[in-house]
Amino acid sequence: ATAPAKMVEGTVLSGRMASLVCAALLNACNNATPPSPKTAWRLVCSDLCRTAVQRALGDYALRVTRIYNHLPTSDHDLHRWHAKQRANAHSTFKGVAIGEEAGEYLERLDGELLGLQEKLCLDNERASRVVARELLESLYHPVHQGITSGHIVSLPEYQRHRDKIRCEYDRMTVGLSAYTCRLVQLEFFEQRLLDFTHTLLSAP
């Protein structure tokens, strides 16, 4: 007949868990302290919680390497992606972690995930900045040619061209970081307006 599974507080002991319990009890005996099954079980729970955090972070990190192939992307899509992967990480964690300390370890996991998310967002903003800047340079090139050739000679005319570029730019950057694209646009046109004003003042 098959021996019944060994359980502690409703949890079936695996070989590693049983080994940890025995090691904790033996250490207590060797240190001349009263062996406590409860303390031994707490050590097992802590070990499993640490393992759960490592597995969840490992899964998240693997998926992060894949999302990098799709950067830059929109803030909305990136936050939605993180929310989904955070839920997956929680599921992985809860499938392994046990014990009263699980909640504390889950908070640690969330802290680590938040740090990874912040780094991912920064990298997405950097990638968005590069693409947005190149796009603006391309859209603005005909205006620059018009200024240097003398076809655009008034501020209202310049502003009409600038407004057209802004509309096209907004349409073409929907899939990028919105905050970064707005910042790039402000910086770009601020400098171009200064250049155009200088050109007007320098004209004979």
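**Ground rules.** I number residues from 1 along each chain as its sequence is written, and side-chain values use heavy atoms, with hydrogens and water left out. Since this is a predicted model, local features need pLDDT of at least 70 and side-chain atom pairs count only at pLDDT 80 or more, while totals for chains, interfaces and linings use all residues.

**Whole chain.** I looked up the elements first. The protein chain has six helices and two strands. I took helices (H or I, at least four residues) and strands (E, at least two) as DSSP runs, numbered from the N terminus. From that end the order is β-β-α-α-α-α-α-α.

I then checked burial. Buried residues make up 32% of the 204 residues. Buried means under 20% relative accessible area, exposed over 50%, and partly exposed in between (1.4 Å probe, protein chains only). The accessible surface comes to about 12,800 Å², with 57% of it belonging to carbon and sulfur atoms. Areas come from the Shrake-Rupley method with a 1.4 Å probe; for residues, only the protein chains shown count as cover.

**Cores.** I searched for nonpolar cores: sets of buried Ala, Val, Leu, Ile, Met, Phe, Trp, Tyr and Cys residues joined through side-chain atoms within 4.5 Å. The largest has 27 residues, and those touching the most other members include Val53, Trp81, Phe93 and Leu109. Helices H2 (37-67), H3 (75-94) and H4 each supply at least two residues of this core. H2 gives the largest share, 12 residues. Another core lies apart from it, with 16 residues, among them Tyr140, Cys181, Val184 and Phe189.

I listed the contacts (heavy atoms within 4.5 Å) of Phe93. Beyond neighbours within four places in sequence, Phe93 meets Cys49, Ala52, Val53, Ala56, Ala102, Tyr105, Leu106 and Leu109.

Which residues of H6 are buried? I find Thr180, Cys181, Val184, Gln185, Phe188, Phe189, Arg192 and Phe196. Their cover includes helix H4 (102-148) and helix H5 (155-172).

Leu193 also lies in H6. Leu193 is partly exposed, at 31% relative accessible area. With Leu155 and Leu200, Leu193 makes a nonpolar surface patch of about 200 Å².

Definitions and conventions:
Patch = residues over 30% accessible without salt bridge, like charges linked within 9 Å, V, L, I, M, F, W, Y side chains within 5 Å. Salt bridge = Lys/Arg side-chain N within 4 Å of Asp/Glu carboxyl O.
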